[in-house]
2 protein chains.
Amino acid sequence: MGTVRTIKIEESVFADNTSSAEAIRRMLTDKKTTMLNVMSSPGSGKTTLLTALVNKLKDELAIRVMDVDIESTLDAQRVADATGVEALQIHNGGLCHIDADMVTRALSQFAPEGSGVLEETDLLILENIGNLVCPAEFDTGAHRNVMILSVPEGDDKPLKYPLMFSVSDLVLISKIDTMDFFDFDMDAAKNRILRLNPKAEILPVSAKTGEGIDAVCDWVRDVVKQNGSRQ
Amino acid sequence: MGTVRTIKIEESVFADNTSSAEAIRRMLTDKKTTMLNVMSSPGSGKTTLLTALVNKLKDELAIRVMDVDIESTLDAQRVADATGVEALQIHNGGLCHIDADMVTRALSQFAPEGSGVLEETDLLILENIGNLVCPAEFDTGAHRNVMILSVPEGDDKPLKYPLMFSVSDLVLISKIDTMDFFDFDMDAAKNRILRLNPKAEILPVSAKTGEGIDAVCDWVRDVVKQNGSRQ
C-alpha cells in the first residue's frame with residue numbers, strides 16, 4: 001500500500017499567477033525536479049494511465065504524485081496503492097482548477113523547504129482536476145503540460161476546447177483499444193490539434209493493452225533529462 | 001438543414017444568480033415553456049443523445065435548443081441539421097459555465113418579449129458547456145437539471161463530482177451499449193448517485209441502439225405536463 005496524505009487548499013489570494021508559476025518552475029529546476037501538469041476531461045483514464053506510466057518509470061526515476069480533487073481521495077489512493085509511490089491528495093475546495101499559489105501551498109506541506117523531499121524527487125506529477133476548460137487558464141509552475149484526450153470523447157474536442165490543446169506540450173490520445181467501437185478519426189484529431197498548436201507532440205496510447213506506453217516513457221525521460229536530471 | 005444563430009454572451013455582472021434564475025423560471029412557467037438544463041463531461045454524447053430525443057418528441061412538442069460552447073458552433077449546427085428544430089449557439093467567452101443572467105441575455109435575443117417565440121415553444125433545451133464542476137454551481141432558471149454520465153467515464157464519477165449529481169433531477173447513464181467494453185458497475189453507480197441525491201431519477205440509455213430513449217421521452221413528457229403544457 002502506498003502512502004497518501006490529504007490537504008485542503010482553497011482559492012488563491014494572489015492575482016499574479018504567472019509570476020508565482022515562474023517562481024515554482026525556477027525553484028524546481030534548481031532542485032533538478034521536473035514537474036508535469038496532467039489535464040483531461042473527467043473519466044478520460046488519467047489515473048489509470050499515470051499508474052501504468054509510474055510503474056514503468058519508478059525504478060529509474062524517483063517519482064511523487066500530487067492529485068487534485070474536489071473532495072474524494074480516490075485517485076491519490078489508487079496511484080499510491082498501484083505503484084507504491086508517495087501521493088498527496090489536494091482538496092481544492094470545490095474549485096474547477098488549481099493555480100500556482102495553490103501548488104506553492106501544497107508543496108509547502110508535501111515537501112517543505114529543508115525536508116529534502118524535492119531534492120530526492122526526479123519527477124513530480126500533478127494530476128489536475130478533470131475539466132477541459134478552467135485548468136488550461138492557469139500556469140501551475142509545471143515544466144510541461146500534458147493533456148489526455150480519450151477516444152470515447154470524440155475527435156472534435158480540439159475544436160470545442162481549443163485553449164486546452166493550445167497550452168499542452170504533449171497530447172496523449174488514450175483508450176485507443178476502443179477505436180473500433182467509437183467513431184474517432186485519428187488523422188482529423190491530430191490535424192485539429194496541430195492547427196491549434198503546431199509544436200504539440202501527439203502520442204496514441206492504451207493503458208489497457210500497454211500500446212504506446214513506452215513512447216510516453218521516452219518523452220518523460222527526455223523532459224527530465226533536458227531539465228538536468230540528477231541521474 | 002436546421003437554423004442556427006450564434007450570439008456571444010460574456011460573464012454576468014449580476015451577483016444574485018438565484019433571483020435571476022427564479023425570474024426566468026416564473027417567466028417561462030407563465031408562458032407554459034418548460035426548460036431543461038443538460039449538463040455532462042466533454043464527450044459524454046450530449047449532442048447525439050439530445051438529437052435522438054428531439055427527433056422522437058418534435059412531432060408532439062414544439063422544441064428549441066440553446067447550445068453553450070466556448071467558440072465553435074458544432075453542437076448547435078449538429079442538432080439543427082439532424083432535427084430541423086431551431087438552435088441558438090451561445091458563445092460564452094471562454095467561461096466554464098452559463099449563469100442565469102447569461103440565459104436572460106440569450107433569451108432576449110433568441111426569443112425577445114413580444115416575438116411570440118416562447119409562447120410557441122413547449123420545450124426549451126439548454127445544452128450546457130461540457131464540465132462536471134462549474135455548471136453545477138449556477139441555477140440557470142431551468143425547470144429541471146439533467147446530467148449525462150457516460151459509461152466510458154466510469155462509475156466513480158458521483159464520488160468525484162458530488163455537487164453535479166446532487167443538483168440533477170435526472171441522471172442519464174449513457175452509452176450503455178459499451179457496458180461490455182468498460183469496467184462499469186451499474187449498481188455501484190446508481191447507489192452512489194442515490195446516496196447524494198435520493199430523489200434523483202436514473203435512466204440507462206444508448207443513443208446508438210435507441211435503448212432507453214422512450215423512457216427519457218416519458219420523463220420529458222411528464223415534466224412538460226406538470227408545467228402546464230399548452231397541448
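This report describes the interface between chain A and chain B in a predicted model.

## Basis

Local features need pLDDT of at least 70, side-chain atom pairs count only at pLDDT 80 or more, and totals for chains, interfaces and linings use all residues. Side-chain values use heavy atoms, without hydrogens and water; residues are numbered from 1 along each chain as its sequence is written, and chains are lettered from A in the order in which they are written.

## Contact and buried area

Chain A puts 34 residues in contact with 34 residues of chain B (contact: heavy atoms within 4.5 Å). About 2,600 Å² is buried between the two chains (accessible area, 1.4 Å probe, lost on being put together, summed over both). Carbon and sulfur atoms give 61% of that area. A:Pro42, A:Lys160 and A:Phe181 supply 23% of what chain A buries against chain B, more than any other three residues.

## Polar and charged pairs

Two salt bridges link chain A and chain B (side-chain nitrogen of Lys or Arg within 4 Å of a carboxyl oxygen of Asp or Glu). In one salt bridge, A:Lys160 meets B:Asp75 at 2.6 Å, N to O. By class, the side of chain A that touches chain B has 15 nonpolar, seven polar and 12 charged residues. Here Asp, Glu, Lys and Arg count as charged, Ala, Val, Leu, Ile, Met, Phe, Trp, Tyr, Cys and Pro as nonpolar, and the others, Gly among them, as polar.

## Symmetry

A rotation of 180 degrees, with 0.0 Å of shift along its axis, superposes chain A on chain B at RMSD 0.0 Å (least squares on C-alpha atoms of residues with pLDDT of at least 70 in both). The two copies are therefore related as by a two-fold rotation axis. In chain A, the C-alpha of A:Asn131 is nearest the axis, 3.0 Å from it. The same surface serves both copies: 100% of chain A's contact residues recur in chain B.
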